[in-house]
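Please study the sequence and the structure before reading on.

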Amino acid sequence: GLGYCARGMMKGRIAIPIHDAEGQLIAYAGRWPGNEGWPEGEDRYKLPQGFEKSRVLFNFNRVKDVDHVTVVEGFFSVFRLFELGYENAVALMGRSLSERQEELLTARFSRLTLLFDGDAPGRAAAAVILPRLARRLFVRDAVLPDGAQPDTVAEPLLRELLHSAAR
């Protein structure tokens with residue numbers, strides 16, 4: 001469902017479809033391709049006005065009939081995990097966990113792995129989210145090396161982290 005926007009609000013961006021828990025398309029996120037060159041004063045990601053990312057989890061509608069899920073920060077981390085055969089991943093679309101997102105996770109899963117970026121903000125977010133979720137389900141924190149992200153870390157290390165966290 002990925003696309004590219006040639007015009008409109010998301011012009012020049014990769015279009016990422018976002019679905020609700022039932023699988024209905026509710027929005028598109030626009031991401032500037034590459035790591036540089038996006039228009040000055042604009043964020044790398046763009047969401048439609050009025051869209052509340054705190055009400056959904058990216059890819060949640062596709063993760064069914066399992067008791068374990070991996071939670072990451074962003075879209076591209078979900079894509080990378082899928083590419084490696086780990087289809088049970090969802091993204092917060094950021095580093096904060098809303099009450100609604102917590103309810104979605106705890107209603108469907110009994111085990112969870114946090115796989116946040118290996119930077120100070122990612123580690124700080126995991127330190128807040130892990131104990132919060134651990135009150136309601138089994139949670140592991142798969143800690144990435146300094147500066148690493150799930151979508152950029154070497155495949156063998158990522159597989160090792162996910163394999164040990166899923167046990």
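Which elements are included in what covers the buried residues of α2? The cover includes β5 (68–72), β6, β7 (111–114) and α3 (120–134). Within α2 itself (residues 99–108), the buried residues are Q101, E102, L104, L105 and T106. Buried means under 20% relative accessible area, exposed over 50%, and partly exposed in between (1.4 Å probe, protein chains only). Helices (H or I, at least four residues) and strands (E, at least two) are DSSP runs, numbered from the N terminus.

The model is predicted, so local features need pLDDT of at least 70, side-chain atom pairs count only at pLDDT 80 or more, and totals for chains, interfaces and linings use all residues. Residues are numbered from 1 along each chain as its sequence is written, and side-chain values use heavy atoms, with hydrogens and water left out. The mean pLDDT (the predictor's confidence in each residue, from 0 to 100) of the protein chain is 93.

The structure holds eleven salt bridges, each a side-chain nitrogen of Lys or Arg within 4 Å of a carboxyl oxygen of Asp or Glu. The table includes three of them.

| Salt bridge | N to O distance |
|---|---|
| R95 and E73 | 3.2 Å |
| R80 and E83 | 3.7 Å |
| E103 and R136 | 2.8 Å |

E103 in helix α2 and R136 in the loop between α3 and β8 (138–141) are 33 residues apart, and their pair links distant parts of the chain. Salt bridges with shared partners join E102, E103, R132, R135 and R136 into one network.

R80 and E83 are separated by about one helical turn because they lie three residues apart in helix α1. R80 is buried at 15% relative accessible area, whereas E83 is exposed at 60%.

How values were computed:
Contact means heavy atoms within 4.5 Å.
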